[in-house]
Amino acid sequence: MTLEDADLKPLIEDALAAAGIGTWLVSLDRQELYWSSLTRSLHGVGPDYTPSMEDALSFYPPGAREQVSQAVDEGMRTGQPWQLEVPLVTATGCQIWTRVCA
């Protein structure tokens with residue numbers, strides 16, 4: 001799914017939110033990042049928050065940030081799926097554990 005598939009976003013987001021799964025989408029050509037409502041909530045940011053790639057990575061502590069960045073880079077390069085369990089620090093300073101995958 002691309003960011004241009006706006007008609008599918010509400011349906012997919014509702015289904016995943018019902019399952020407790022936050023989602024994110026990246027448009028590499030436009031360097032845009034989309035976070036679902038649940039993903040924004042997990043990060044402790046408001047509904048209008050639009051992260052950049054750098055902003056998104058800044059929520060991870062340094063060691064985890066490097067793991068996520070490396071996994072994203074390798075996934076983009078090879079097209080292979082990946083998943084990690086890493087800590088995330090919310091905008092309010094709470095540390096939670098998350099599973100990040102693509």
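1. Which elements each supply at least two residues of the lining of the second largest pocket? They are strand 1 and helix 4, and helix 4 gives the most, with three residues. Please keep in mind that this is a predicted model.

2. Among the residues that line it are W24, V26, M53, V72, M76 and W82. The lining divides into eight nonpolar residues, three polar and no charged.

3. Now for the largest pocket, which holds about 670 Å³ of space. Of its 28 lining residues, W24, Y60, R99, V100 and C101 are the closest to the centre. Elements that give two or more residues to this lining include strand 1 (24-27), helix 3 (53-58), helix 4 (62-78) and strand 4. By type, the lining has 19 nonpolar residues, seven polar and two charged.

4. In one of them, the side chains of E85 and R99 meet at 2.3 Å, N to O. E85 lies in strand 3 (residues 83-89) and R99 in strand 4 (residues 95-101), so this pair ties together parts that are 14 residues apart in sequence. E85 counts as exposed, at 52% relative accessibility, and so does R99, at 53%.

5. The other salt bridge joins the side chains of R30 and E32, at 3.0 Å from N to O. Here E32 is partly exposed, with 34% relative accessibility, and R30 is partly exposed too, with 39%.

Methods:
Residues are numbered from 1 along each chain as its sequence is written. This is a predicted model: local features need pLDDT of at least 70, side-chain atom pairs count only at pLDDT 80 or more; totals for chains, interfaces and linings use all residues. Side-chain values use heavy atoms; hydrogens and water are left out. A salt bridge is a side-chain nitrogen of Lys or Arg within 4 Å of a carboxyl oxygen of Asp or Glu. Buried means under 20% relative accessible area, exposed over 50%, partly exposed in between (1.4 Å probe, protein chains only). Helices (H or I, at least four residues) and strands (E, at least two) are DSSP runs, numbered from the N terminus. On a 1 Å grid over the protein atoms alone, a cavity is a set of points where a 1.4 Å probe fits but cannot get out, and a pocket is an open set with protein on both sides within 12 Å along at least five of seven lines; lining residues have an atom within 4 Å of a point. Grid points are joined across faces, edges and corners, and a volume is the space filled by probe spheres set on the points. Ala, Val, Leu, Ile, Met, Phe, Trp, Tyr, Cys and Pro count as nonpolar, Asp, Glu, Lys and Arg as charged, and the others, Gly among them, as polar.
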